[in-house]
Amino acid sequence: MLLAQQQSDTVGIPVFHGGSNGFGLVEWCDLDRFAAVVPVGWFVSPPTTPSFSSGAAWAVQEALKTKTVFALTASWKRLVLDRKAPVDFPHVSTIFDSVLRLIQTSGPGQMNMANLDAAEVNGELLVSALRASFRWRAEVIGWGDAVSVARKALEMANHKDIDLCLAGLE
Amino acid sequence: MAFECSADAKLQPDDVALVLHRGDIGRHIGFAVFTLKGTHQFLHLAWHKQVRLGDFPPEKCSIVGRLPFDRVGLMSLKKALWNIGKKVSNKAAAIEIPYGVNIDPIKGSFKKDGAYHPPAVKDGLTCATFVSELCRGVGLPLLSEGSWTARAEDADWIEQICVMLADPRSGADEGHIAHVRASFDGIRIRPEEVAAAAVLWKGKPIDMGPAETDGKALVAKLDECCPVEAKPVAEQQAEQVPEPSAEQAPA
């Protein structure tokens, strides 16, 4: 089993190294390096039998899922929280792709739109995230509140037609 | 937002529009969307399991009307259409949409990645509900489907649809055809009514009454832009029983 020597600044996982009667060593493994070298077969479902290798593989898998959620969330939120970001097709497209991948890989319950501050968000790009996740609005955390935040953000930005921008969402 | 003859239209890259032309039965509708080709293309449900991405204006004479959404709504819809267009270009099986006429089960058919996830029963979409469902998918429903009621003339329409589906070239299996026939409850959303809903839309979905009235006006506009040429009687009689066309699915 591959071991690394340093604790990762991002998502780190403990890697157990040992024999049949116990684990002899716990080290921190850099997730990216581990993912790069570990064979595909390591990524298995939660272990059905107690075994250190399959347990660790499951831990890796779960950690990778966490990292995926983190990365995709960062991708759409970074744009929504940039009030100066241009509201153009490339940005809307990036938000759509990030939101879709997040929902497809991790489920709509992993998309968190709660606790957004209207003073910090780009209203129109938040609307694009709302439209991207529209079908799953009942399961996305904070979706309804995010619509209210979008309205406030659009008001603060003196948007010309807020009702049209939010049509179908309220 | 008004419809104009497609031949005269000057669509801008940010425009997403609806295109209406004559089909084998009634009219046919689809989207005009700007693509990576650097021009607008015609994306539509041509027939059973045939989503097509072709040239705009389409070969058949048509009228076109820009959708009245705001810029974020248009870009959201454009992205959803791009995702479908990409799958069509890759001949992905995920975009094989069956032809189906029962309106209620189809809601929520499209996921944002463009993949079609059919409802539990063997239903599908028409060209009209393909358009309405895609708009609904980005939170911009054009129609209030619950307001649609049955019309006697659509009883003939469903019979013609089943005849066309039964043609081996359509690829529809007997189970699907039987389900289409059995599931039809007399309620049909016509392509011109979806187009009319887009004209009337001001933020809320449109009921059947205004859509039906304005739909007839759009058919008149289509006739004005695309006059029907009188055909010899023998040719008219030969066209009594339409054969399935790969290009213009009835809707």
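1. Let's start with a cysteine of chain B. C135(B) has a relative accessibility of 0%, so it counts as buried. Keep in mind as you read that this is a predicted model.

2. A disulfide is a covalent bond between the sulfur atoms of two cysteines. How many are there over all chains? The count comes to two. In chain B they follow the pattern 1-3, 2-4, when the bonded cysteines are counted along the chain.

3. One disulfide is formed by C5(B) and C225(B), whose sulfur atoms are 1.8 Å apart. C5(B) sits in strand β1 (residues 4–5) of chain B and C225(B) in helix α6 (residues 208–225) of chain B, so the bond ties together parts that are 220 residues apart in sequence. The torsion about this S-S bond is about -80°, so the disulfide is left-handed. C5(B) counts as buried at 18% relative accessibility, and C225(B) is buried at 14%.

4. Another disulfide joins C61(B) to C226(B), with an S to S distance of 1.9 Å. C61(B) lies in the loop between β5 (50–55) and β6 (62–66) of chain B, while C226(B) lies in the loop between α6 and α7 (233–238) of chain B, 165 residues apart. With a torsion of about -75° about the S-S bond of C61(B) and C226(B), this disulfide is left-handed. Are its cysteines buried or exposed? C61(B) is partly exposed, with a relative accessible area of 40%, whereas C226(B) counts as buried at 2%.

5. Finally, have a look at helix α3 (residues 89–106) of chain A. At 1.5 Å a residue, its 18 residues should span 26 Å, and the end C-alpha atoms are 25 Å apart, which agrees. Which residues of α3(A) are buried? Among them are F89(A), V92(A), F96(A), V99(A) and I103(A). An α-helix has 3.6 residues a turn, so residues three or four places apart point the same way. Just after α3(A), G107(A) takes a positive phi of about 95°.

Methods. Residues are numbered from 1 along each chain as its sequence is written. Chains are lettered from A and ligands numbered from 1 in the order in which they are written. This is a predicted model: local features need pLDDT of at least 70, side-chain atom pairs count only at pLDDT 80 or more; totals for chains, interfaces and linings use all residues. Side-chain values use heavy atoms; hydrogens and water are left out. Helices (H or I, at least four residues) and strands (E, at least two) are DSSP runs, numbered from the N terminus. The expected span of a helix is 1.5 Å times one less than its number of residues. Buried means under 20% relative accessible area, exposed over 50%, partly exposed in between (1.4 Å probe, protein chains only). A disulfide is a pair of cysteine sulfur atoms within 2.5 Å.
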